[in-house]
2 protein chains.
Amino acid sequence: MLSKKSQYAFQALGFLAERYLQGPVLIAEISRKKKIPLKFLENILLELKKEGVLESKKGKGGGYFLASDPAKIKVASIIRLLDGPIAMLPCVSLYFYERCKNCNEKSCGLHDMMLEVRDATLKILEHRSLNDLVSK
Amino acid sequence: MLSKKSQYAFQALGFLAERYLQGPVLIAEISRKKKIPLKFLENILLELKKEGVLESKKGKGGGYFLASDPAKIKVASIIRLLDGPIAMLPCVSLYFYERCKNCNEKSCGLHDMMLEVRDATLKILEHRSLNDLVSK
DNA sequence: TTATTAGTCTACAAAGATAGTAGGATATCT
DNA sequence: AGATATCCTACTATCTTTGTAGACTAATAA
């Protein structure tokens with residue numbers, strides 16, 4: 001399951017995608033509209049900023065906004081930033097790979113199965129962007 | 001990611017699938033062959049027994065064995081028993097469903113996306129059995 | 001230049017999950 | 001009775017999750 005952090009992040013990012021190119025949005029507004037605990041949201045947005053997903057402006061008229069076109073920001077990449085691996089096993093993870101101790105990957109049924117799951121999952125998540133979070 | 005518990009469980013279940021109908025297998029043997037901490041494995045197998053996946057016999061000549069044909073035991077059901085939901089969001093889970101507070105499911109982009117992921121995942125895991133864990 | 005606004009940063013804390021371990025109780029076989 | 005092997009409860013240590021607190025910094029406007 002996605003963590004609360006990721007779930008909140010997607011709600012916030014969806015909101016920011018709707019407001020893309022319309023100037024900075026206050027943390028407090030996102031918090032209010034999306035019912036996300038303010039201080040928790042602060043931390044999440046800050047993290048997304050450090051990872052280059054968001055930009056911000058301080059002071060009056062400030063707030064957060066997407067660093068790039070929402071169509072270019074993949075859902076898969078956000079999950080990886082905040083929750084880590086998408087795969088169900090370390091030995092089938094693209095970005096967080098770790099070797100299995102006990103099985104050799106050439107002949108491990110579980111490995112093959114989870115590789116299939118990973119591919120099916122990424123086929124979806126790598127082709128969905130923040131624009132897909134915007135309700136039409 | 002699957003927990004260590006699930007990962008160990010699949011190794012043990014794969015081993016028991018290979019030995020199906022060949023009599024009880026000792027916890028100690030599984031622990032040794034699959035390099036799983038003995039006492040941890042005890043707990044896992046006991047849980048799987050309580051859930052009806054395994055049966056056991058005490059005393060000399062005892063041990064664990066599959067309660068039914070490995071071809072009939074779905075990988076998806078084992079994950080649910082030990083780790084809980086397979087879906088990435090509570091609101092798209094079949095067996096652990098919980099309503100979203102903030103989004104309505106009719107028009108939530110994330111909901112739709114994660115529903116797709118769930119379906120793609122289950123399409124694989126619901127059609128794989130313990131026999132698929134046995135190396136050929 | 002001072003007050004206000006709004007994000008930045010570090011640290012902390014409570015609760016829960018994870019990954020085990022310990023040791024005695026119970027059932028079964030010889 | 002004694003050996004074997006699972007059963008069961010409880011415990012612990014560590015990590016992760018889900019936040020909260022409060023001081024700091026930057027930008028704006030009066």
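Let's start where the two protein copies touch: 100% of the interface residues of chain A are also interface residues in chain B, so the copies meet through the same surface (contact here means heavy atoms within 4.5 Å). This is a predicted model, where local features need pLDDT of at least 70, side-chain atom pairs count only at pLDDT 80 or more, and totals for chains, interfaces and linings use all residues. Residues are numbered from 1 along each chain as its sequence is written, chains are lettered from A in the order written, and side-chain values use heavy atoms, leaving out hydrogens and water.

Next, look at DNA strand D. Its surroundings include 8 nonpolar, 7 polar and 13 charged residues (near means a heavy atom within 4 Å; Ala, Val, Leu, Ile, Met, Phe, Trp, Tyr, Cys and Pro count as nonpolar, Asp, Glu, Lys and Arg as charged, the others, Gly among them, as polar). H3(B) gives the largest share, 6 residues (helices are DSSP runs of H or I, at least four residues, numbered from the N terminus).

Finally, some polar contacts (N or O pairs within 3.5 Å). The side chain of Lys57(A) sits 3.2 Å from a phosphate oxygen of DNA strand D, while that of Glu42(B) is 3.3 Å from a base nitrogen.

Key:
A polar contact is a pair of N or O atoms within 3.5 Å; within protein, one must be able to donate a hydrogen and the other to accept it, and residues adjacent in sequence count only if both atoms are side-chain atoms. Helices (H or I, at least four residues) and strands (E, at least two) are DSSP runs, numbered from the N terminus.
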